Amino acid sequence: MVAISSSLLSLHQHTTNTHLTRYSFSIPARTRNKTKPVSLTIVSAGSDIRKEEVVIVGAGIAGLSCAVSLHRLGVRSLVLEQAESLRTGGTSLTLFKNGWKVLDAMGVADELRSQYLEIKGIIIKTEEGRELRSFTFKDEDQTQEVRAVERKTLLETLAKQLPEDSITFSSKLAKIGKHENGETLLELVNGTRISSKVVIGCDGIRSPVAKWMGYSEAKYVGYCAFRGLGDFPNGQPYESRVNYIYGRGIRVGYVPVSTTKVYWFVCFNSPEPGPKITDPSLLKRQAKELIKKWPSELQNIIDATPDDTIIRTPLVDRWLWPGLSPPASSGGTVLVGDAWHPMTPNLGQGACCALEDAIVLVQKLAPSLKAGPEAIEDAYKSYQNERWPRIFPMTVRANVTGAVLQLENPLVCAIRDNFLVPKLIRLGPMLEHTNFECEPLLQTKV
Ligand SMILES: Cc1cc2nc3c(=O)[nH]c(=O)nc-3n(C[C@H](O)[C@H](O)[C@H](O)COP(=O)(O)OP(=O)(O)OC[C@H]3O[C@@H](n4cnc5c(N)ncnc54)[C@H](O)[C@@H]3O)c2cc1C
């Protein structure tokens, strides 16, 4: 359409940059409910462009697991991360057996296992403390493995598998587009320009790469979560199981992560996502206020939470409607993890699925890298065809589960507490989505 030697599609229409020429136009991008135009800008680029074969945008769980998987198969990649360092704050993530299988295949699971407790089961109570139901994971499925790991440790463990200089920090992607040679052209906020045969967008729920590919913003689902990691330097006193408490329009959970740390969350209905709050004492006060009449145990865990591990997150998702959502890849660019399929955390599967995506993609992509663009596109298509039937239903199920658990209606909650949970729910079928198989990453397979 535009005859220029190389072009960049800008994500920041109002940025000015003197050595770039701009042209504006609109393309339709499909959203969950409607088609709306996304305004993009084409920019001609100069020649000071660095060449890479594989670039990964984002050093989160998806990005680092793609990089480690590629590395295991003998493929070098460059990871671009906007932050100055790996995310060292934050709380923990519960990983089910599917997540552990991928970490095993990457060769890092045992190092993590040795630091985190195996969670034996789950107990569900009402806000008055009445027990509704309890399950033991291994009674339902001998192969189930559930552990909560600290996000920071997971990221550090993955990052240290990579050769030095694999991750460049303070490298925020500003613009993305096509180079005349068919490769993807990336421009960073610091002005660096990189052309790459393969770009893997692992840049999370507000992914600029996904936006460029025509994806809509993830949609707020009507409730937020406070999360934190209680610290008990002299040892935490809790049994190794998930404690879940159901209220009306609010639910709470806590689970021992290690011998000294306890993860907790409070999910509460809120018509709006609300302002971003970073003051930890305010976050603690707000979280405690929501559950002030509930059993005191949780208040104590919140009190034991260091400032840098408490956060409040509005929860969002985006459904990959068949025939309506853009494909997972465009030319040499492909999406992985939250960048492709943000989902609510109600099944504890966002990170597990990011890990699954990474290994599935890399096992298809690595052998095709030498064969050229068509083979790469075939690998991407095969990745999408394999992953979509797993991801789309999981995103919908997580959303519906959350909607049911956040109901406020007293009658519906009474039915849930007196009939559904005590008599009807079975854990086995509820965790069937954790069945996943993958092969170890062996370099001989490329
Ligand atoms: C309340 C809550 C609880 C959760 N609990 C669980 C759980 O128990 N189990 C589970 O499996 N999952 C859970 N999840 C989901 C899980 O956190 C995510 O699915 C997972 O972190 C996705 O990883 P990611 O790498 O795709 O994205 P992210 O972790 O968001 O990483 C994206 C990275 O890209 C970087 N980036 C973004 N933009 C740019 C840019 N322009 N340039 C360069 N870098 C950029 C970011 O800085 C970041 O490092 C939970 C989520 C929430 C909100």
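# A walk from the helices to the sheet

Start by selecting residues 97-106 and 350-368: these are helices α2 and α9, whose axes come within 8 Å and cross at roughly 40°. Before going on, keep in mind that this is a predicted model, where local features need pLDDT of at least 70, side-chain atom pairs count only at pLDDT 80 or more, and totals for chains, interfaces and linings use all residues. Numbering begins at 1 along each chain, following the sequence as written.

A word on the labels: helices (H or I, at least four residues) and strands (E, at least two) are DSSP runs, numbered from the N terminus. Axes are lines fitted to C-alpha atoms, for helices over the stretch in contact, with angles from 0 to 180 degrees between N-to-C directions.

**Stop 1: α2 on α9**

How do α2 and α9 lie to each other? They are oblique, the class left over once angles under 35 degrees count as roughly parallel, over 145 as roughly antiparallel and 65 to 115 as roughly perpendicular. The crossing of α2 past α9 is left-handed, meaning that the near helix is turned anticlockwise from the far one by less than a right angle (clockwise would be right-handed). Now show the side chains: α2 brings Asn98, Gly99, Val102, Leu103 and Ala105, while α9 answers with Ala351, Cys352, Leu355, Glu356 and Ile359. Contact here is C-beta atoms, placed from the backbone, within 7 Å. By type, this α2 and α9 set splits into 7 nonpolar, 2 polar and 1 charged; Ala, Val, Leu, Ile, Met, Phe, Trp, Tyr, Cys and Pro count as nonpolar, Asp, Glu, Lys and Arg as charged, and the others, Gly among them, as polar.

**Stop 2: α9 on α10**

On the α9 side, pick Cys353, Asp357, Val360, Leu361, Lys364, Leu365 and Ser368; the α10 residues include Ala375, Tyr383, Arg387 and Met394. The contact of α9 with α10 divides into 10 nonpolar, 2 polar and 5 charged residues.

**Stop 3**

Strands pair if DSSP finds at least two bridges between them.

Zoom in on β16 (residues 250-256) and β17 (residues 261-269), an antiparallel pair with 7 bridges. Arginine 251 stands opposite cysteine 267 of β17.

**Stop 4: two loop residues with positive phi**

Select aspartate 165, where phi is near 70°, positive although the residue is not glycine. Aspartate 165 sits in the loop between α5 (151-159) and β10 (167-168). Buried or exposed? Aspartate 165 is exposed, with 9 other C-beta atoms within 10 Å. The cut-offs are 20 or more for buried, 12 or fewer for exposed, and partly exposed in between.

Move on to serine 170, also not glycine, with a positive phi near 50°. Serine 170 is in the loop between β10 and β11 (173-178), and its 13 C-beta neighbours inside 10 Å make it partly exposed.

**Zooming out**

Show everything: the chain has 12 helices and 20 strands, and buried residues make up 43% of its 446 residues.

Key: Contact = placed C-beta atoms within 7 Å.
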